[in-house]
Amino acid sequence: MVKIKINGADFEVEENITILEACKRCGFEIPTLCSLENIGHKPTACRICVVEVKGARTLLPSCSTPVADGMEIVTNSKRVIDARKLNYQLLMASHVDCISCKKNGDCEFRKVGEMLGIRKREFEPIKEFKIDSSSNAYLRNNNKCILCRRCVEVCEDIMGVSAIGLKGRGFDVKISYPFDYDVVNSGCIECGQCVLNCPTSALFENEELEDVLKVLNDNSKFVVAQTAPAVRVALGEIFGFEPGSLVTGKMIEALRRIGFDMVIDTTLGADFTIMEEGFEFLRRLDSNERLPQFTSCCPGWVNFVEMYYPALIPYLSTTKSPHQILGRLIKNYFLKDDERVKDKEVIVVSIMPCVAKKSEKERDFLSIEGIKDVDFVLTTRELGRLINLSNIVFKDLPDSEFDELGRGSGAGDIFGASGGVMEAALRTAYEISSGNQLSMLEFNQIRGNKRVKEGSIFLKEREIKYLVVSTPKEAKKYIEEVLNGNSPYQFIEVMACPNGCIGGGGQPIPTTESIVKKRMEGLYFSDKSKAIRKSHENPIVKRVYENFLKEPLSEISEKLLHTKYSPRKLYKEK
Amino acid sequence: MERTIIKVCGGSGCKSQHSKEIFVKLCQLVWKESLPIKVNRTGCQGFCEMGPIVVVEPKGIFYSKVKVDDCEDIINAIKNDSVVERLLFVEHEVKGDFKRTTMKEIDFYKYQTRVLLKRCGIIDPYKIDDYISFDGFKALKKVLSVNSQNIIDVIKDSGLRGRGGAGFPTGLKWQFLKDAKSEEKFIICNADEGDPGSFMDRTIMEGDPFAIIEGMIICAYATGAKKGFIYCRAEYAESLEVLENALSECRKHNFLGINILGSDFSFDIEIKMGAGAFVCGEETALIRSIEGDRGTPAAKPPFPAQKGLWGRPTNINNVKTYAYVPQIITNGVKWFRSFGTEKSPGTAVLCLTGKVNNTGVIEVPMGTSLRDIVFKIGGGIKNDKKFKAVLTGGPSGGCLPKSCLDLGVDYESITQAGSIMGSGGVLVIDEDDSMVDIADFFLDFTISESCGKCTPCREGLKRMKLLIEKIKSGSGSEKDINELVRLGNIIKDSASCGLGQTAPNPVLTAIRYFRSEFEEFINKSNFENGSFKFYKITDKCVGCGLCKKNCPVGAISGDIGQVHIINDEKCIGCGKCYSVCPKSAIIKNKLMDKNGKDKD
């Protein structure tokens, strides 16, 4: 412990913590814009968190300066406030209008401005950038960029993709893709982690709210909402619930009140994914080909493989991701001869914790005869906005249930957490191949918030080693093993976002490691409280296979529930 | 009789003026006639403006601006025991005997105290034997039998301060590295000299490279580092070549490598080339650059001595700092402290440029007054103009006015006056220069050389630039000048690294000492049709057309024999017309004139 003085008062704090942290523990909140505790990012770029330290020649950044015994810190002198205000004003120049800004209300930059009592803009904007709307996943508006470098840090240090970086020097520095290419022609996998961590609206999901509102108000459309498991444990945060609170019932009720004609659970799609992917795995085990099998429900991960490791494509499961499967089944089976959709067009809106799904739905092999599996994808954050837009007081909502034809098992619930797909697949693969019941459904080795988890199980009289990885950065090592032919694993699950979809790029802001952990607990709780916890035991799944698909990997299943991948060239000509 | 030696300067400056061809020609002539003359190439003599320089020893005859065609005359003069009059240096004096035959007689050299530069221009930088015969590696041999702490104590006692600009005590820095616990430690020589118009480090690298290497070896021995780097910009081609050669010579003689001189101490040095970013002179940015990353300064702490190159404890010193070390070890603390002041002992190697008669690299004891530097060594202001200011410390230094001329050049005094020592640039500004332009020019430099990381430096400097542009365009107000001061002070206070913390200095000191020049632009009466009126042609004009001919922007019009007119919109205020007018018919703006008088 060290003794320090903050604004004249004596405190005792732990050694080796930063001034920012020390102040926080002693009840002083210092505004900061660039540092992000969650990812250990402190570039000391914004100079908003500066404080006076007795004896120091200049002001010091509190986010990176450690406390020392006897340190006398002043956080609120005129000198400090003037510097913060000026630096804020300098950053604010190109932030012309808050009202028209997409981040309005959810803006970290604006919150700091409020804290500093900024009332008017001092400097005229002098930079002008073109808005990059080439991606279906997100927009890049460099005019709003304050060069905090969080996106660069996340892309490089957390994701290991390094698609985004700094270009130019001095006043001309900007965040850019190599050669100034736009998003789609760059090496971006569209995971949206940069969007999640951007303090302004420089990086922002490609909003589809307007389009959704349009179809909701169109009587010739029958609009179905499906919600991913990771949304139900995060949506509440937007409305003041504790992180990880399970708000499934309120969410369904809200969607009905918004005007969706049908609300179903993506976990049902997940159950089909498990059936198909599980059987695919068993078949590969039999023939001992294309092993290890890699999961493919994460579009960010699929992008990564297609762009950076095309040689790995044969190892990917060809099964579509759950929401695509469910969208297809809704259109081709569940509502095919339904009275309610007579003379109407079925529109599927997926509520996802993800921005990459916005691009996924546009892929070539995810529409049949011009009809897309899924028409629109909204992020968790967009759903929050839609609820507010519809004048719904979320916390007061009664609980509702999913439409009867669209309910999934507990196995589908845990898809939202890293390790969940593997656990769900193993529950089914084991029971189907052995004919025995699992004594315990929880695969604890692959739970928890580690980036790399592994375990083994006996399947078909051999030991199957499986691996669960989140983030491409961690996956690289294991991909190399596979390509070099010395991988010890038979089944590998990869999710692009840290900890899987609960930490997805479309989740509420902030999404930190501790918040994600609570969301994870929420999902496991949701699984545990369900009567049916295995995909192959879901009666809807059974019925669909009996009446329509015949069996996993049948001709019709292959046609409707499987897809193709193709290598993609990086930095192709503009 | 002593053998005649012809020394041809091979520094970058002279080389660019074909000194290499001169060297070859002289060799050919000597060889052809089998004359008892030795022709040597040396490193930089410092007086680059007068290059190519050829010195004939033992008499020390100093020839300047030599051409290849002059070589025969030089050889003939040696044969006849005479001098080539036309190649002698002419001092900028009007009275008395102003032709100088030898180096010692020239003011530029006479008033210097060449300690660090003692071998520059004397020895052949490519020959290790030259260095050895001139006290080289004496210090290294001495320290190898001494406890490493004793060496650090000597450096501490000497009071040597970092010559890179900040003036941090070198001994203390070494102590940090010695005390750092790590299996691997590095030392780096910061040779990333980037100030426009400064080339002190280059002079030493090209004139006395072994001294730098010896200093680094001693530092490594004292601190426990096994590997050193010299970080030098790629455009210093000559320096890199000299250093590469020096390193391989040292390896051959076992001054570098395994078990140096039979001891159990091993050390080697590698050269790392930079792309020439000014900010890479900042130590943490330099480290990033060596690692292959973008040269962006990092927050300190952790200091390099804790976590430097590849996360290992690292010591970084400037070229000059390392080069001092062998001499301090050999000659002792007392000797070193006999130069300079109590707080800033030793000498200062400076680069004198701008509107003075003699420009080049010079060395004076710390504490020498700016007046002596400008008027004695520099030989006063060019073309007998009036002195206006001197900018010390390069592009992020400050402009000091006449009232500061008696300031001694040392870390404390210069900082107190609002400028910095920096790495040693001294730019002299005369009455013709506008301080607003000077401030504007250096702001341009720091804006484009800023790494762009922190807000105040990246955005703030640009805003200062816009304010200066506004003021220059005539649409500024008193408020804008105050705003410049406010911005400048906050940028200094809250920027991340040394670059941002000093970048506003030229503007701030220009306002502090020459505020009226900024106010000229604000005074509306100095403007006609929205353009600032710098000069006016009076009735005295005889219409000779000289001003029209000399105007670089074609702002002057008029027929021969008629009174000419200046187009204020085009005029940039360079003053060329004013200085060429044979009838003194052109007058300066009265405000500019008044200020000139005020400063006298």
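Modeller: Contact here means heavy atoms within 4.5 Å. This is a predicted model, in which local features need pLDDT of at least 70 and side-chain atom pairs count only at pLDDT 80 or more, while totals for chains, interfaces and linings use all residues. Residues are numbered from 1 along each chain as its sequence is written, and side-chain values use heavy atoms, with hydrogens and water left out.

Colleague: How many residues does the contact take from chain B and from chain A?

Modeller: The interface can be counted on each side. Chain A gives 34 residues to the contact, and chain B gives 32 residues.

Colleague: What area is buried between chain B and chain A?

Modeller: Buried area is the accessible area (1.4 Å probe) that two parts lose on being put together, summed over both. Carbon and sulfur atoms give 53% of the total, which is about 2700 Å².

Colleague: Which residues in chain B lose the most area to chain A?

Modeller: Three residues together account for 23% of what the side of chain B buries. They are R458(B), R463(B) and D493(B).

Colleague: How many salt bridges are there between chain B and chain A?

Modeller: A salt bridge is a side-chain nitrogen of Lys or Arg within 4 Å of a carboxyl oxygen of Asp or Glu. One salt bridge joins the side chains of E459(B) and K127(A), at 2.8 Å from N to O. The count between the two chains is four.

Colleague: What share of the 600 residues of chain B counts as buried?

Modeller: A residue is buried at under 20% relative accessible area (1.4 Å probe, protein chains only). By that rule, the share in chain B is 60%.

Terms used: Chains are lettered from A and ligands numbered from 1 in the order in which they are written. Buried means under 20% relative accessible area, exposed over 50%, partly exposed in between (1.4 Å probe, protein chains only).
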